[in-house]
Amino acid sequence: MSASSTFSIIIPTAGRLSSLRRCLISLDLNRPRATSAWQGLIVDNNSDPLRSSAVQQLVTLFPDFAYGKCESPGLTAARHFGLEKAKTDVLCYVDDDVEFT
């Protein structure tokens, strides 16, 4: 992540690994490569330590994304966590079950 990023993609997840994996793969395959800088953040909002560990491992496969752990439950809390961690003024919230084409 860079201070020169133009927008942030924030993906809250509650440990839906299959959906999150598909989302990240589709985003990786369809994102603009050199046209703009961006920040990616996966916000883990899961209370199960084993699932959180699996989400963290999955995120390491996608170097354009950082991992963040939100301890407060709920989608709104996860989105606010992403807002606090974002380094840009433009935020794009994406559900973890979205697939880009």
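Buried residues are those under 20% relative accessible area, exposed ones are over 50%, and partly exposed ones lie in between (1.4 Å probe, protein chains only). The structure is a predicted model, in which local features need pLDDT of at least 70, side-chain atom pairs count only at pLDDT 80 or more, and totals for chains, interfaces and linings use all residues. Residues are numbered from 1 along each chain as its sequence is written, and side-chain values use heavy atoms, with hydrogens and water left out.

**View 1. Residue S26 in helix α1.** Helix α1 covers residues 17-30 and contains S26. Helices (H or I, at least four residues) and strands (E, at least two) are DSSP runs, numbered from the N terminus. S26 has a relative accessible area of 7% and is therefore buried. Leaving aside residues up to four places away in sequence, S26 touches V98, E99 and F100; a contact means heavy atoms within 4.5 Å.

View 2. Strand β1 spans residues 7-13. Of its 7 residues, 6 are buried, so β1 is largely enclosed by the rest of the structure.

**View 3. Pairing of β1 with β2.** Two strands pair if DSSP finds at least two bridges between them. Strand β2 (residues 38-44) pairs with β1 in the parallel sense, over 7 bridges. T13 has D44 of β2 as its bridge partner.

**View 4. Pairing of β1 with β4.** Strand β4 (residues 91-93) runs parallel to β1, and 3 bridges join the two. The bridge partner of S8 in β4 is L91.

**View 5. The whole chain.** The protein chain has 3 helices and 4 strands, which follow the pattern β-α-β-α-β-α-β along the sequence. Its C-alpha trace spans about 40 × 25 × 20 Å along the principal axes. The radius of gyration is 13 Å, which agrees with the value near 13 Å for a compact globule of 101 residues; it is taken over C-alpha atoms, and the globule rule is 2.2 Å times the number of residues to the power 0.38. Buried residues make up 40% of the 101 residues. Among contacts between residues at least 6 apart in sequence, 79% join residues at least 24 apart.

**View 6. Charged side chains.** The protein chain carries 10 positive and 11 negative side chains, and the centres of the two sets are 3 Å apart. Lys and Arg count as positive and Asp and Glu as negative, while His and the chain ends are not counted. Each charge is placed at NZ of Lys, CZ of Arg, CG of Asp or CD of Glu.
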